[in-house]
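Keep the model open while reading.

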Amino acid sequence: MLFRFQIPIFVIKLNRIFPTRTSASFVSPLKLSTSWSHYHSQISPTKIRSSLRDQTLNSNISHSNPLITKLCREGKIIEARKLFDEMPDLDVVTWTTMITGYIKCGCLKEARILFNDPSSKKDVFTWTALLSGYVRSHQIAEAERLFVETPCKNVVTWNTMISGYSSVGFINSALNLFNQMPERNVVSWNTIITALAHARRVDEARKLFDIMPERNVVSWTVMVTGLSKCGRIDEARELFERMPNRNVISWNAMVTGYAQNFRLKEALEIFEKMPERDLPSWNAMITGIIQNGDLKQARKLFNEMQERNVVTWTTMIEGFVQSEQSEEALRIFSRMQADGIWPNQGTFLSVLSACSNLAGLSEGRQIHQVISKSNFQNNAFVESALISMYSKCGELSISREMFCRSKQKDLVSWNCMIAAYSHHGCGKEAIQMMNEMRNLGFRPNDVTYVGILTACSHSGLVDEGMKFFDELVKDGSTDLKEDHYACLVDLCGRSGKLEEAFEFIEGLGARTSKCVWSALLAGCRYYGNIKIGEFVAKRLSELEYDNAGTYMLLSNIYAADGNWKDAAEVRLKMKDNGLKKQPGRSWIEVGNMVNVFVVRDKSHAEAEWIYCLLHDLYANMKGEGKVWASGNKDTGASSFSFKPSNSPLCLKTKLQGKN
């Protein structure tokens with residue numbers, strides 16, 4: 001039975017206030033009665049931190065500048081601005097402090113207005129502070145203009161601009177600026193080496209590293225990380241051993257490097273040798289173990305941890321989801337909630353994926369309630385995950401409602417909605433959705449085409465699907481992937497065009513993958529084409545010899561044709577190879593109770609009545625032309641598949657009546 005849990009409700013209230021520039025037009029939403037003299041009286045001269053930059057004869061200024069800094073640091077930007085406007089005298093430190101306060105509070109527009117004030121006093125620190133604000137907000141064009149206009153630059157100014165170029169991937173611009181620097185410090189070298197290493201230009205980074213006049217622990221760690229990410233883990237280890245000084249970040253880099261390169265034994269060895277470990281050390285090790293597929297070992301390490309943060313919990317949840325243990329993922333999420341750890345975006349995405357895998361609608365709704373009380377409720381990725389979750393739980397109408405209410409639809413949202421219609425066999429609605437998306441200026445990507453081709457295939461819209469594939473080929477802006485080929489083959493297979501599909505696959509040559517052949521084998525199964533089915537099964541067994549599903553499909557093809565001898569031989573061969581097909585399983589939730597069914601299972605209390613109902617349903621579907629193919633119903637040697645329509649869920653309705 002699906003695991004149940006209760007989630008406490010948390011409420012987060014976020015109030016963001018953006019003040020205006022001009023004091024004459026300023027109206028505070030808060031009831032502020034404090035004045036400059038009031039703030040002045042609250043601080044003792046002995047508590048004022050002296051500064052080499054703040055050598056002024058006016059004691060009022062020297063007393064007020066630290067107060068503005070303190071208020072800005074606490075996020076009280078309105079109070080800071082009020083104090084600033086009431087000060088009788090302002091020096092360059094005051095202007096720089098207020099501008100910096102705006103930038104740190106995310107009010108870059110207000111910072112620029114203050115910076116441009118004709119009465120403002122500026123020095124190199126003021127210019128660099130505003131430059132840093134543009135860099136942090138990735139407004140590189142504006143940062144570049146400001147950098148050129150800066151009358152006097154110091155090494156920090158140059159480093160800030162290099163960092164800005166690096167943050168948006170303009171590595172060559174960063175390198176050119178580095179080469180133009182009149183003077184450099186160790187931060188300059190570390191910044192450019194980090195940029196090159198992050199861009200996987202590790203050879204260039206190594207050349208600069210080797211000629212550095214001075215290195216610190218950051219320099220060494222950056223190179224170790226860069227080499228590891230490029231798969232040169234042995235070079236990284238050699239450099240690590242030569243490090244004159246190491247800190248916990250250096251050790252973590254080496255642990256992560258081994259784990260990312262699937263050398264778990266060495267990662268554990270380094271982890272055990274660490275003189276000290278912090279939380280990222282444990283998280284890096286657990287992440288590496290999960291990436292290597294050893295969930296049991298990761299769980300053991302997780303249980304040994306004295307302290308865990310949201311990254312730790314999210315990593316474990318994602319690990320269980322990836323290993324198809326979604327119920328355990330929900331249990332971990334429940335424990336995380338009980339420990340008072342608030343989820344982040346990654347947590348919500350992982351746990352919603354678990355609900356989707358289990359079709360756990362009630363659990364998904366509880367998690368949706370938690371999301372609605374968080375600042376992720378309008379997050380585009382979380383909204384898309386909710387759309388997908390409701391769709392996979394059978395609530396297509398809720399998915400559509402959520403999509404329509406979304407205020408920031410992006411390509412991911414549109415793709416999720418197209419996939420939702422595809423999942424429910426609503427091909428015409430999926431096509432309409434794609435047309436709407438294009439009319440609004442969104443350009444389809446590879447995921448969009450997979451969704452629309454699948455929708456056409458599941459809805460029997462062969463001609464429409466062929467047009468979309470032809471469009472994809474002619475467009476040229478989207479690379480064709482094996483999923484697109486598999487969709488086309490599935491489209492042909494479901495429409496009975498098996499020979500055309502076979503010729504198409506043969507023309508792919510080396511690009512042919514197992515998923516493409518599997519799609520054709522499924523088509524052979526639908527239409528009982530033994531000749532092509534035998535050939536395809538042979539090719540699949542060469543690509544994936546340990547897949548029991550291939551043998552089962554071929555056996556079912558023989559059985560559907562009445563060739564029981566060959567069907568038995570295939571099953572015997574599968575047994576000799578030690579392969580066993582896991583039985584299919586489905587479930588339906590009725591009245592807060594989950595009813596689980598396994599193929600040919602008659603253990604359910606209402607089994608006789610349910611099978612009788614299914615035979616009636618099958619007969620009705622066949623009469624309406626909804627059945628594509630069927631096998632021997634008496635033996636259960638094969639199953640039937642159908643196109644979902646707008647007919648009511650008779651089974652669920654009658655089960656509810658019985659209960």
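Predicted model: local features only at pLDDT ≥ 70, side-chain atom pairs only at ≥ 80, totals over all residues.

## Around Gly 101

Leaving aside neighbours within four places in sequence, Gly 101 is in contact with Cys 72 and Ile 77 (contact: heavy atoms within 4.5 Å). Gly 101 sits in helix H4, residues 92-104. Helices (H or I, at least four residues) and strands (E, at least two) are DSSP runs, numbered from the N terminus. Gly 101 is buried, at 4% relative accessible area. Buried means under 20% relative accessible area, exposed over 50%, and partly exposed in between, with a 1.4 Å probe and protein chains only.

Residues are numbered from 1 along each chain as its sequence is written, and side-chain values use heavy atoms, with hydrogens and water left out.

## Cysteines

A search of the whole structure finds 0 disulfides (disulfide: a pair of cysteine sulfur atoms within 2.5 Å). For Cys 72, the nearest cysteine sulfur belongs to Cys 105, 5.9 Å away. Cys 72 is buried, at 9% relative accessibility. Cys 230 is partly exposed, at 27%.

## Overall make-up

The protein has 35 helices and 2 strands. Of its 659 residues, 45% count as buried. Take contacts between residues at least 6 apart in sequence: 59% of them join residues at least 24 apart.

The protein exposes about 34400 Å², and carbon and sulfur atoms supply 51% of that area. Accessible areas come from the Shrake-Rupley method with a 1.4 Å probe; for residues, only the protein chains shown count as cover.

Helix H15 spans residues 264-273, and its Leu 264, Ala 267, Ile 270 and Phe 271 are buried. These residues lie on the same side of H15, because they cover an arc of only 120° around the axis. The arc is that of the directions from the helix axis to the C-beta atoms. Their cover includes helices H13 (233-242), H14 (248-260), H16 (279-291) and H17 (295-304).

The other side of H15 carries exposed Lys 265, Glu 272 and Lys 273.

## Ser 457 in H26

Ser 457 lies in helix H26, residues 446-458. Ser 457 is buried, at 3% relative accessible area. Its side chain makes a polar contact with the side chain of Asp 490, at 2.6 Å. A polar contact is a pair of N or O atoms within 3.5 Å; within protein, one must be able to donate a hydrogen and the other to accept it, and residues adjacent in sequence count only if both atoms are side-chain atoms. Not counting residues up to four places away in sequence, Ser 457 touches Asp 490, Leu 491 and Arg 494.

## Salt bridges

The whole structure holds 24 salt bridges (salt bridge: a side-chain nitrogen of Lys or Arg within 4 Å of a carboxyl oxygen of Asp or Glu). One joins Lys 70 to Glu 74, with closest N and O atoms 2.9 Å apart. Lys 70 is partly exposed at 41%, and Glu 74 is partly exposed at 41%.

Arg 145 pairs with Glu 142 at 2.7 Å. Both lie in helix H7, 3 residues apart, about one turn. Lys 300 and Glu 304 meet at 2.8 Å, N to O. They are 4 residues apart in helix H17, so about one helical turn separates them. A network of salt bridges links Arg 237, Glu 241, Arg 246, Glu 269 and Lys 273.
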